[in-house]
Amino acid sequence: MSDSPLIERLRGFTTTIFSEMSQLATRHDAINLGQGFPDTAGPQEVLDTAVHAIRDGANQYPPGHGIPDLRRAVTEHQHRFYGLELDPFSQVMVSAGATEAMTAAILALCEIGDEVIALEPSYDCYAGAVAMAGGVFKQVRLHEPAYTLDVAELEAAISPRTRILIINTPHNPTGHVLTEAELRGIAELAIRHDLIVLTDEVYEHMVFDDHRHIPLATLPGMFERTVTISSAGKTFSVTGWKIGWLSAPAEFIDAIHTTKQNMTYASGTPFQHGVAAGLALPADRFRAIGAGYQQLRDLLAEGLTAAGLKVHPVGGTFFMMADISSLNFDGDGYEFCRQLPERTGVAAIPAQVFYGEPQSAQNLVRFCFGKRPEVLAEAAARLHRW
């Protein structure tokens with residue numbers, strides 16, 4: 001037996017840069033712009049509904065697919081914003097956050113040896129889930145500084161073993177919102193090669209300027225092969241609640257429920273009531289979420305630029321990529337971010353962790369701007385002083 005009982009294919013996923021940077025931030029009392037969570041409370045209606053649900057006794061297991069009110073709320077949300085028609089009882093399932101939804105979907109739909117292609121840089125949980133399923137993880141690079149997708153490169157990566165595409169838009173960590181042309185290119189490939197598409201849309205209401213979020217499932221021929229995933233954590237500033245959902249044709253929901261019921265089975269009954277209330281909020285409240293984060297984006301971009309970093313365009317999410325090349329720092333992004341908390345009182349994430357070949361992104365650093373204006377202003381001032 002080896003020194004570690006952990007199976008070999010998961011040994012590369014034992015630690016994360018996020019915990020390391022958060023520990024450094026705590027040790028040096030730094031402003032943490034590394035980990036992706038907001039520092040403000042969510043909508044009062046959402047919080048109050050969850051509190052009332054607790055007091056009213058909604059504290060036992062919910063149905064495995066989620067409480068009916070939340071499944072109906074997801075259905076109504078998808079129709080109101082995107083024109084999708086869903087059956088809340090056969091085509092929607094609630095999950096313990098979007099990460100569980102993605103993992104359960106991959107475990108249910110990926111056979112051992114199947115290829116799963118994601119956009120690079122990619123959120124780290126994708127590779128871990130594919131490894132658990134025994135699949136082969138591949139990435140197709142988005143090209144900085146605008147992080148555009150070359151559909152021809154995506155097609156070149158598809159082989160007879162490819163089964164699943166993971167499409168994340170608005171995209172973490174780059175902030176790119178896939179254009180309609182990019183999405184139509186992806187759809188054409190998915191249909192031609194008979195692929196399943198898992199879409200991570202957790203930042204769907206954080207879209208800025210003239211960008212528009214288009215769910216892939218709305219394009220012709222795509223609903224029947226797409227599993228759409230989202231969550232309440234980012235939209236309503238309740239990341240600790242871990243309430244997400246999937247919408248898809250019934251046969252996909254049935255398949256994914258098979259894996260999900262052997263993971264968490266169900267989660268957060270009173271929180272599900274709160275999220276249902278949130279999804280029913282007026283459309284202008286959702287628009288205000290995007291407008292608020294756009295102002296925070298502009299505030300941090302101005303501060304990072306003044307500090308000498310080259311900020312890349314951000315169309316959505318609450319993340320920002322910046323190039324540190326112009327600082328003439330003696331080291332790569334890892335070393336920059338390891339020194340940053342002690343030297344400046346600010347924490348960030350080296351973008352290398354999101355790439356298959358880390359050296360290809362050694363000058364890129366990701367900052368989270370999902371913080372209060374005064375916190376971002378102070379972080380920018382600390383960086384500028386350094």
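In this predicted model, the second largest pocket is lined by 21 residues, and those nearest its centre are Gly12, Phe13, Thr15, Asp124 and Val353. The volume of the second largest pocket is about 500 Å³.

The lining of this second largest pocket can be traced to particular elements of the chain. Helix 1 (17-27), strand 4 (136-143) and helix 11 (333-344) each contribute at least two residues to the lining. Helix 1 gives the most, with three residues.

Attention may now turn to the largest pocket. Its volume is about 590 Å³. A total of 27 residues line the largest pocket, and the closest to its centre are Gly36, Thr99, Tyr123, Lys234 and Lys242.

Which helices each supply at least two residues of the lining of the largest pocket? They are helix 4 (97-109) and helix 5 (125-133). The largest share, four residues, comes from helix 4. By class, the lining of the largest pocket consists of twelve nonpolar, ten polar and five charged residues.

The general idea behind such a description is simple.

To locate both pockets in the structure, the reader may begin with Gly12, Phe13 and Thr15, which are among the residues nearest the centre of the second largest pocket, and then find Lys234 and Lys242, which are among the residues closest to the centre of the largest pocket.

Notes. Residues are numbered from 1 along each chain as its sequence is written. This is a predicted model: local features need pLDDT of at least 70, side-chain atom pairs count only at pLDDT 80 or more; totals for chains, interfaces and linings use all residues. Side-chain values use heavy atoms; hydrogens and water are left out. On a 1 Å grid over the protein atoms alone, a cavity is a set of points where a 1.4 Å probe fits but cannot get out, and a pocket is an open set with protein on both sides within 12 Å along at least five of seven lines; lining residues have an atom within 4 Å of a point. Grid points are joined across faces, edges and corners, and a volume is the space filled by probe spheres set on the points. Ala, Val, Leu, Ile, Met, Phe, Trp, Tyr, Cys and Pro count as nonpolar, Asp, Glu, Lys and Arg as charged, and the others, Gly among them, as polar.
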